[in-house]
Amino acid sequence: MHNRIMKSALATATVLAISTFAGTAHAGTATSNLPISATVSASCVIDASSGIAFGAYDPIVTNKTLDLDVSGTIDTTCTNGSAATITLGQGIAPAGGSTAAAPVRQMKSGTDILSYQLYSDAGHSTVWDDVTGVSAPTGTGAAEPITVYGRVAQGQSTVPTGSYTDTVVATVTF
């Protein structure tokens, strides 16, 4: 029995010694660089859902001689460093003669119309069109608000009462 234990201990010690020395014996090594790459593409999203609400238009008293001016925002979120342009369509009820480059916008209530316009500046001098549009701020990866200025022109005294609406498509091109 004692002999068997000694043989077992000797066998275990031999296996440990061989595995210890065998782990350190190397014939050589080789290395190579593993290239890693990715491409970040320009991308943008647009949110115009907050809309523009003109509120009450009074063609007989207040807005007989005073335009109804309001503003709203369009948010764009673009990849950091991306350049983008925002265009605004003519709306679903444009007036005759309206074009993408020179939109003549109007809201409707049934068959009745109320003319309005959208501008890119607070002075209401540059109509926001569907061709040249407006440059969005350079992308930062965060939402960037862009102001849209709306105007219902004064003196539309023959407009009947009603709720007038239109839908304008806002597009971001990047």
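The legends below describe close-up views of a predicted model. In this predicted model, local features need pLDDT of at least 70 and side-chain atom pairs count only at pLDDT 80 or more, whereas totals for chains, interfaces and linings use all residues. Residues are numbered from 1 along each chain as its sequence is written, and side-chain values use heavy atoms, with hydrogens and water left out.

**View 1. The largest nonpolar core holds 23 residues.** A nonpolar core is a set of buried Ala, Val, Leu, Ile, Met, Phe, Trp, Tyr and Cys residues joined through side-chain atoms within 4.5 Å, where buried means under 20% relative accessible area with a 1.4 Å probe and protein chains only. The members that touch the most others are Phe54, Ile86, Met107, Leu114, Trp128 and Val152. Two or more residues each come from strands S2 (68–78), S3 (85–88), S5 (112–119) and S7 (143–152), and S2 gives the most, with four residues; strands are DSSP runs of E of at least two residues, numbered from the N terminus.

**View 2. Ile86 lies in strand S3.** Ile86 counts as buried because its relative accessibility is 0%. Thr132 is 46 residues from Ile86 along the chain, and the C-alpha atoms of the two are separated by 8.4 Å.

View 3. On a 1 Å grid over the protein atoms alone, a pocket is an open set of points where a 1.4 Å probe fits, with protein on both sides within 12 Å along at least five of seven lines, and lining residues have an atom within 4 Å of a point. Of the 28 lining residues, Ile52, Ala53, Phe54, Met107 and Asp166 are the closest to the centre of the pocket.

**View 4. Gln156 sits in the loop between S7 and strand S8 (170–173).** Gln156 is buried, with a relative accessible area of 13%. The side chain of Gln156 reaches the backbone oxygen of Ala153 at 3.1 Å, and, not counting residues up to four places away in sequence, Gln156 touches Tyr57, Pro59, Leu114 and Ser115.

**View 5. His124 is found in the loop between S5 and strand S6 (134–135).** Although His124 is not a glycine, its phi is positive, at about 55 degrees. His124 is buried, with a relative accessible area of 13%.

Conventions. Buried means under 20% relative accessible area, exposed over 50%, partly exposed in between (1.4 Å probe, protein chains only). A polar contact is a pair of N or O atoms within 3.5 Å; within protein, one must be able to donate a hydrogen and the other to accept it, and residues adjacent in sequence count only if both atoms are side-chain atoms. Contact means heavy atoms within 4.5 Å.
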